[in-house]
Amino acid sequence: MSHFTSLSWFKKWLQIIFPIKKGEKQKIFLLLLLKFLISFVYCILTALKDTVLVTANHSAAEVIPIIKGSIIFPISIAVVLLYTKLNNCLKQTTLFYSTILFFLGLILLYGFVLYPHATKVSPYAMADWLNGYTGGKYLHWIAVFRHWIHVLFFVVAELWGQVALMLLYWSFVNNVCKMEDAKRCYAILIAAGDVALIITGPLVLAYTKKYSHGDFVCTVQALIAYVAYCCLAILFTYWLANHILKPDLNSTNRKAPQVLRLSLWGSLKHVAASRYIRNIAVMVVACGLSINIVEGTWKSYLKEAFPKAVDYQSFISELNFWTGIIALVISLFFSGGILRKFGWQTTARIAPAIIGCMGAFFFLMSYSKNNVPYLTNWIGSKLVLYLVIFGGIHNIAVKSIKYAFFDKTTQMAYIPLDIETKIKGKATVDLLGSRLGKAGSSWIQIALLELLRTNSIQSLSGILLCFLLLTTIIWYRATGNVSKELHMLEEQEAKGS
């Protein structure tokens with residue numbers, strides 16, 4: 001009897017963690033594999049992009065807001081326009097293959113051509129002259145010019161997450177899954193990205209230690225080789241998924257060719273006219289702004305504590321490993337259950353509540369360091385280390401919550417929409433909305449650095465705290481607006497079926 005009881009208990013928990021039906025195992029496996037591979041590439045690129053840029057000579061964490069606000073955001077606008085245009089004249093499969101190959105070409109160019117010959121292709125002499133000519137007033141802007149090859153890699157890594165992961169992958173998933181499938185399966189798909197993060201951490205750390213006594217370019221090239229193999233695997237897996245899931249794709253997109261012939265400007269107006277999409281955009285913008293406005297300050301402390309590339313990369317690798325572990329546990333054991341029991345709105349509001357509270361506490365710590373002298377004198381130099389550690393904990397919590405709750409709920413919100421709004425609205429929100437959030441935080445930081453005439457982002461903590469609280473409150477309210485309309489769309493879809 002006890003044997004049957006334990007077996008029944010095991011099956012019950014297995015059904016909670018993996019609520020997959022018999023007829024959809026093949027589909028879920030292919031989607032899981034594709035998510036893992038794309039996320040694995042993203043994790044490696046993300047681990048490398050900050051290290052090579054922030055730890056370079058004459059560079060600092062303050063360079064990141066300049067890149068996100070002044071370079072990546074305009075490129076994101078161009079990408080949205082190009083994607084929307086190409087979507088009208090190319091098959092989804094052709095667009096997917098060409099995009100992945102384009103990214104792969106840029107990554108290989110950086111790792112095996114530009115980075116090894118950085119001294120030859122980087123304008124170090126011109127940057128030194130500019131630095132002397134301006135009297136050191138524009139150090140961070142000149143650093144962007146000085147290290148343009150690292151900036152290129154940073155841009156490619158950022159866009160991979162937006163284009164390959166958020167746009168191409170989730171558009172494909174939303175076309176082969178219905179709302180009831182999403183409630184059961186999306187937590188598992190997101191967990192595949194957490195597994196990729198868990199594996200990436202030790203892998204990056206192993207190669208960092210292996211080549212710790214040599215040039216960091218060896219570490220970069222070894223990891224980019226993994227990226228190349230994964231990109232080829234992504235292309236094959238996507239091809240296989242299209243052939244196996246072809247009936248599902250046909251039934252979902254039967255009317256797509258006619259609807260998607262809208263003009264580029266007409267489709268953007270179509271998206272802008274949707275109150276529902278605008279509220280999703282507010283959520284995405286607020287999420288990007290809330291996370292990045294804290295991350296910029298934390299990375300300045302991280303550079304202060306770990307100025308060498310090897311030490312910086314080792315810390316980031318350990319952090320990524322634990323982020324993957326915690327995010328996986330939340331995705332498997334909490335995310336899906338909370339969504340099914342408490343509904344979309346409660347699940348969506350977890351992210352702004354936690355991100356706002358933890359970010360506020362970090363800024364209070366940072367503000368105290370720079371404005372409460374007796375606290376600094378009492379704790380001493382260890383206060384920087386404490387800020388790095390708590391910032392790391394904040395980073396783990398924020399990413400875990402984002403992966404497990406925010407990403408899933410926002411992707412689900414697109415499912416009831418028509419094909420035109422689903423594809424082009426998603427492209428606009430995921431690319432422009434996410435980039436606008438990151439760019440917005442960057443513009444705020446750049447403006448404050450210029451207005452207050454300081455080169456340190458740490459001194460801005462008190463003002464940034466106010467922006468963080470305002471943003472998370474707006475985000476929290478937007479989830480309620482989306483929830484109401486999502487409920488109505490689900491009812492309409494149920495009546496139509």
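The model is predicted: local features need pLDDT of at least 70, side-chain atom pairs count only at pLDDT 80 or more, and totals for chains, interfaces and linings use all residues. Residues are numbered from 1 along each chain as its sequence is written, and side-chain values use heavy atoms, with hydrogens and water left out. The structure holds four cavities of 30 Å³ or more. Its largest nonpolar core has 135 residues.

**Terms for the cavities**
- A cavity is a set of points, on a 1 Å grid over the protein atoms alone, where a 1.4 Å probe fits but cannot get out.
- Lining residues have an atom within 4 Å of a point.
- Grid points are joined across faces, edges and corners, and a volume is the space filled by probe spheres set on the points.
- Helices are DSSP runs (H or I, at least four residues), numbered from the N terminus.

**Largest cavity**
- The largest cavity holds about 790 Å³ of space.
- Its lining has 39 residues, and Y42, K399, K402, Y403 and K438 lie nearest the centre.
- Elements giving two or more residues to this lining are α2 (25–54), α8 (148–176), α9 (179–210), α14 (275–305), α15 (309–342), α18 (382–413) and α19 (419–451).
- The largest share comes from α14, with eight residues.
- By class, the lining has 15 nonpolar, 11 polar and 13 charged residues.
- Here Ala, Val, Leu, Ile, Met, Phe, Trp, Tyr, Cys and Pro count as nonpolar, Asp, Glu, Lys and Arg as charged, and the others, Gly among them, as polar.

**Second largest cavity**
- About 60 Å³ of space lies in the second largest cavity.
- Its lining is I64, P65, K68, N292, E295, G296, K299, S441, S442 and Q445.
- Two or more of these residues come from each of α3 (63–89), α14 and α19.
- Helix α14 gives the largest share, four residues.

**Nonpolar core**
- A nonpolar core is a set of buried Ala, Val, Leu, Ile, Met, Phe, Trp, Tyr and Cys residues joined through side-chain atoms within 4.5 Å.
- Buried means under 20% relative accessible area (1.4 Å probe, protein chains only).
- In the largest core, I38, I67, W160, I234, I280 and W344 touch the most other members.
- The most residues in this core, 20, come from α8.
- Beyond four places in sequence, W344 touches M283, L339, T409, M412, A413, T479, V482, S483 and L486.
- Contact means heavy atoms within 4.5 Å.

**G193**
- G193 sits in helix α9.
- G193 counts as buried because its relative accessibility is 11%.
- Leaving aside neighbours within four places in sequence, G193 is in contact with K35 and S39.
- C43 is 150 residues from G193 in sequence, yet their C-alpha atoms are 8.8 Å apart.

**T472**
- T472 belongs to helix α20 (residues 461–496).
- Its relative accessible area is 8%, so T472 is buried.
- The T472 side chain reaches the backbone oxygen of L469 at 3.0 Å.
- Not counting residues up to four places away in sequence, T472 touches S290, P352 and G356.

**S171**
- S171 is part of helix α8.
- S171 counts as buried because its relative accessibility is 7%.
- The S171 side chain reaches the backbone oxygen of L167 at 2.6 Å.
- Y83 and K426 touch S171, with residues up to four places away in sequence not counted.

Note on methods
1 Å grid on protein atoms, 1.4 Å probe; cavity = no way out; pocket = protein on both sides within 12 Å on 5 of 7 lines; lining within 4 Å. Buried < 20%, exposed > 50% of the residue type's maximum accessible area, 1.4 Å probe, protein only. Polar contact = N/O pair within 3.5 Å; in protein donor to acceptor, adjacent residues only side chain to side chain.
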